[in-house]
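The following exercises concern the reading of local features from a structural model.

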Amino acid sequence: NTIGSYGICYKTSSEPTTSDQVIEGVIENDTIMCNLTGLSANTMYYARTFVTYNDQIIYGNEVSFKTLNNVETFNINGVSFNMVRVQGGMTKVVASPRPQGGQLLGAQGNSIISLPDFYIGETEVTQRLWEAVMGYNPSASKGGNAPVENVSWHDCQKFITKLNELSGMKFKLPTETEWEYAARGGIYSKGYKFSGSNIAREVAWLYDSHVSAPQTTKRLSPNELGIYDMSGNVREWCEEVFDHSGNPIDYVNNLDTNQLVSICRSSSFKLKEEYGNISSYMIRPTTFSSNDLGLRLMLVAGNTELIVVSAPAVKNISQTSADVDITVKFNGGAPISESGVCYSTKENPTTSDKRIENSLQGENTTITISDLQPGQTYYVRGYALNSIGVTYGKQISFTTADIKTITVNGISLDMMQVK
């Protein structure tokens, strides 16, 4: 009478068994501990514990969870771009201020901070995206999916301001610390010299690549996080600004733009390989522009969740109807145009299934679903629509009351299930 193997079985549909994916665990204080790795992003999984005992398999209760979406796609005036989620962690703060001058090497200070999760551009901002936002293309070398260049730090701020107005988001330039953390691969860093490899030509467009202009993005290999061109194609502006003595400046309230400098990270098709390592940087006036200088976007994780839809609560369940309570919170961004509940006899209902709009448009509301079938299990979740897309809350399931007909001596009795 001994326990054999034990662990967790899981799959992307309900009722996983040991014939599906299995991770054997360790027992600590009567708890089975397992680490599930290699999961797909933005995917619903179902998992339960198992123990083999006397040649039998005993399963625990099933739980479900959804992995994070590590890429968020945005669309502006018909142009799509991706932002890659970077899982936060402990990192050294990039050393600032530094002496004013030309190319300088060595970047990290000694202070350790904990970075929260954030999103960073999968690629540099392309010329197509810049033109979709600003209506013109300032680049010296034209090419739609090549990085935009020939833009100053102030040009970048104007672009981001207009992008935020169009998207309802809060994009910005990355700080140096955020930029370098992402370039090194975050918590998945393998310690490469260049961003994604120890061989420059695999990941970077540099002088030794023998090209005369910025190249179309995503032609070389990405780094550990799936981010491209962080060691060479165009240099990239960072968020911080300083005076010429290296003192940090509140640029929002500073009108003397000729007295400000900022940091450019990455390298470019004009620079030799020794300037493509992850630590390389340049200091340039914020009014400076060049045909090898562009930008990459950053977005704080959570800014993609400007609309929060609560998990519904279901009450007053009968044979054919149920009341559903939901809460939709609007935290900024593009206004909500519609909210309500969607439901189906299949999991993860969408607005393409049956849905009922909240006519009151209040933050808290109760919606009655009145076209249900007796004895049927339904899945329901709240939703909210705006110009960017649809946001869903967590789903829950419920079963309508059932009726059993019993015949006694020729007389039929309807017996309703009471929950």
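The exercises below treat a predicted model.

**Exercise 1.** Determine how the rings of phenylalanine 74 and phenylalanine 81 are arranged.

*Solution.* A pair of aromatic rings is described by the distance of the centres and the angle of the planes. The structure holds eight aromatic pairs. In the pair of phenylalanine 74 and phenylalanine 81, the ring centres are 5.6 Å apart and the planes stand at 25°. Planes under 30 degrees apart count as stacked, so this pair is stacked. As to accessibility, phenylalanine 74 has a relative value of 7% and counts as buried; phenylalanine 81, at 11%, also counts as buried. Phe74 and Phe81 form one aromatic cluster with Phe171.

**Exercise 2.** Classify the pair of tyrosine 378 and phenylalanine 398, and locate its two residues in the chain.

*Solution.* The ring centres of tyrosine 378 and phenylalanine 398 are 5.9 Å apart and their planes are at 25°, so the pair is stacked.

**Exercise 3.** Is glycine 276 buried or exposed, and which residues does glycine 276 touch?

*Solution.* Glycine 276 is located in the loop between β15 (261-265) and β16 (281-285). Its relative accessible area is 2%; buried means under 20%, so glycine 276 is buried. Leaving aside residues up to four places away in sequence, glycine 276 touches Phe194, Leu206, Ser231 and Ser267. Between the C-alpha atoms of glycine 276 and tyrosine 207, which stand 69 residues apart along the chain, the separation is 9.8 Å.

**Exercise 4.** How many residues of helix α1 are buried, and what covers them?

*Solution.* Helix α1 spans residues 127-134, and six of its eight residues are buried. These are Gln127, Leu129, Trp130, Ala132, Val133 and Met134. Their cover includes β8 (71-76), β9 (79-86) and α2 (153-167). Just after α1, glycine 135 adopts a positive phi of about 85°.

**Exercise 5.** Which residues form the nonpolar surface patch, and which strands supply them?

*Solution.* The patch consists of Ile406, Val408, Ile411 and Leu413, which together have about 340 Å² of accessible area. At least two patch residues come from each of β28 (403-408) and β29 (411-416). Leucine 413, in strand β29, has a relative accessibility of 42% and therefore counts as partly exposed.

Note on methods. Residues numbered from 1 in each chain as written. Predicted model: local features only at pLDDT ≥ 70, side-chain atom pairs only at ≥ 80, totals over all residues. Heavy atoms only, no water. Helix = DSSP H or I, 4+ residues; strand = E, 2+ residues; numbered from the N terminus. Buried < 20%, exposed > 50% of the residue type's maximum accessible area, 1.4 Å probe, protein only. Contact = heavy atoms within 4.5 Å. Patch = residues over 30% accessible without salt bridge, like charges linked within 9 Å, V, L, I, M, F, W, Y side chains within 5 Å. Areas by Shrake-Rupley, 256 points an atom, 1.4 Å probe, with all protein chains shown as cover. Salt bridge = Lys/Arg side-chain N within 4 Å of Asp/Glu carboxyl O. Phe/Tyr/Trp six-rings, centres within 6.5 Å; stacked < 30°, edge-to-face > 60°.
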